Every structure is written in C-alpha cells, then in structure tokens.
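Hi,

Here's the structure I promised to pass on.

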Amino acid sequence: MERYLAVEFAKKGYVCISINYRIREKLDDPSAAITDAVDDTASAVSWVIEHSEEYGIDKKFIAVGGYSAGALTAINFGYSDFKKYGIDKSNVFGVIDIAGDTLYKKRVAKEDPPCIIIQGTQDPKSSLESSKKLAKMLNDQNIYNVLYTIEGADHNLMILYDDVVNQTTMFLYEALTGNSIEVNDISGISVEYEKVIQRVAENPYYDAKQVNLTVDGKLDEWTGMEAISLNQCKDSGDGLPEKDDFSGTVMIGWNEQDSHRIYIAAKIVDDILWDKPVEEDKWYMNDCLEIALDVSADNIAAPVQKCVVATSGTKLSALANDENVECVVVKQGNEYTFEMAIDITKLESIVDITHDFSILAEDIIGLSVCYNDCENEVREHQIGWTPGKASNRGTFGNVRFVTEHVK
C-alpha cells in the first residue's frame, strides 16, 4: 500500500519517498528486527535531510508513515530518541500509522510529533487496544492525534484505499497548518466497511460472456449479449434526463484466449456533443465514457483504476493510453457507439501487482460504468449502472466472467 499512497500524495504536491528496510529471515527476536527497521528508517530520514535542497524538500516538515509492518516501523521511529541518530526532533512533523500495532515504548515526550492512527476493529494482526494505548499516550502529552477506527475492518485496509487517503490528507493538512479541512471529492470516508466487503453479495451482477472481439465499432459479435441500462443518476444532475437527450447502455465481455483484457461496448445518445481540450485532471468536463475497475480480491489488492474515453475517441485519463486501451468510437447522428478492450496488466499504477493478472472463468471483479454529459464546461449529468458515488468501490457492480460464448 505504501507505494500507492506515495503516488497519491505526490499528486497532491508532496515529495514522497518509498524506502526499504532490513527484514530478518528468523523472527526469534522481534524487538531486534524492529530495531533494524527503525535504524534503516533513521538512515533514510537523514538522507532526505541531507538531500533536501536537491529534491525541493522542506526538511522541517517530514512525515514518516507506513502500512502494517511499515507502520509499526514508522511509529517506533517517530517516537524514538532522535538524538542518537543525529536528527532534530523538529524535522518530523507527523507520523502515519495504518494498521501498525505496537509502540515499544512506555511513554512519549511532549515534543514528539502528531500522529494519525488508522485501525480496523476486527484486525487480527494489529491490535485495536494497542492503537488506543498509543492515542492515550499522545493525549496525556497533549500531542495532536487522530484515532480513526473502521468498524468491522480486518487487516486488509487496501479495500478502503480511498478512505485511508482522505483521512491521511486531512491529518497532514491539520498537522501542517493547524486548520481543519474536509475532503469531499472522494466518498470513501462515509463508507462502512461492511458495505464494501458485501458488495459481491448485495450489488447487481452481470455475466460477461466470451466474445471474439474485433475493435471496429460495428458490434456484430455482441449480438445476443445482455445490455446494461445506464439508468442511475450519479455524481451530477438532479435526475435522469430524457432518453432522447442523454441515455446509454453498455455490454461487457472477455475471451479466455485474451485473458488480460476486458471488453466494453456502449451505445450513447447525446443530443449535444461537448468535446473541447481540457487539462488532464479535468477530464470530467468533456462528454466521456468512464470505466472504473476494482480487481482487489483474495491476495490481490489494488486501488480503483479509471479509464476515460471521450465521445470523440480521445483517451482522456492518465491511465487510458494507446498501450492499455484499444478503442473505436463511431458517430451516427446523435448516437455514439464505443467499442474498447482494456488491458489490466498495462494500467500503469498497478502494473507491479497485476503483471501476471489474467481473467479466469467465474472470476468476479468490481466495475463502475458512467457517462458524463457536459455543456459549456459544466458537467450537467452523470449516469451509470449502479446508484451511489462513481468513485466509491462499495457501490460498484459485480462482473462475473462466464465460460459461455455469445451466440
């Protein structure tokens, strides 16, 4: 998780450095293993301070954090004796503890840095009581801290990645400025863990049949495939528009001989085409088809990935490019036909954990399909498959890949 958090916060303007530390083959002495990791973290922080000018870093504002063992290392470094490492306590302004468990000290000092503690209440590896104990130690010294518990969550907080990012964003801002901030652009903060892990049980299913795909926009090979109506109002619009004004359907397919790719076919009716040059992070200000994927399952954990293609056929999002998305858009009057194949193994921000990913029969992934309708640089409507926020993986539909071929 640490690498993906580093990328996320780099996008927000932070300089982020992902480090490694020694891991002992035999954990017969856990405290010695922690000491090794803390010493390596101290070396990394010293290096950051030494190279701060080179990388544009304000060395008075360094935060140290991690997930699981990385968080355990972060808190035990953050509340250690910095003097023995030649580091000034004032250099570290925050500690990020995501499911990190135990601080091996009995007390903290009043000059120690603020901390955010993110903890699942049903985590079998990281103790909620240890997190509460750390929060009490900080409170006793009047050190600003946030104990954010997620009811029902176990150790795999990657499934609530958006929530973790939002909570950490607010903490860092408050620790830096002393002012509070609300992060509203992602809905993960309000999502209960149970709703996320029960997505497979509660949200709609779609059986994706096998298709012998040719990406040409004709859709001949899709005959007989069930079409999903985009009949839910999503992030924009007071209600569903009239069908001849703005409406759409989508079909999803795959092929076991091309098991790295997911196939999408969509038909959109849009009375007014809005397709203007926009900044990369403002893609939603264009008429566009938005596909979000959640391939987290069992031992595979990944943040939500979005691929966005404009009605003109232009690939708008950073993740949608010529390497990972093959796409054709055909226009007939006010009707637009999209046909595309998305290669999951080439989505840049998750390539390290999906380079061996392949779809198998009966696999289930989470998928959100939305279409954005814009006019005069305003997104008037967003319609989709399932109700709820477009970026909330707890509302994604379930795509099950079946062996049956389209007839």
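A quick definition before the sheet: two strands count as paired if DSSP finds at least two bridges between them. Keep in mind, too, that this is a predicted model.

With that in hand, you'll find an open sheet of four strands, paired in parallel and ordered β1-β2-β3-β4. The edges are β1 (62-67) and β4 (145-150); each has a single partner strand, so one side of each is left without a neighbour in the sheet. Going from one strand to the next, the twist averages 10°.

Strand β3 (residues 115-120) runs parallel to β4, and six bridges join the two.

Is Phe246 buried or exposed? Its relative accessibility is 1%, so Phe246 counts as buried, the cut-off for that being under 20%.

What is Phe246 in contact with, leaving aside its neighbours within four places in sequence? The list is Pro241, Ile268, Val269, Asp270, Tyr371, Asn372, Asp373, His381 and Ile383. Take Asn372 from that list: Phe246 and Asn372 are 126 residues apart along the chain, yet 9.6 Å separates their C-alpha atoms.

Cheers

Key
Residues are numbered from 1 along each chain as its sequence is written. This is a predicted model: local features need pLDDT of at least 70, side-chain atom pairs count only at pLDDT 80 or more; totals for chains, interfaces and linings use all residues. Side-chain values use heavy atoms; hydrogens and water are left out. Axes are lines fitted to C-alpha atoms, for helices over the stretch in contact, and angles run from 0 to 180 degrees between N-to-C directions. Buried means under 20% relative accessible area, exposed over 50%, partly exposed in between (1.4 Å probe, protein chains only). Contact means heavy atoms within 4.5 Å.
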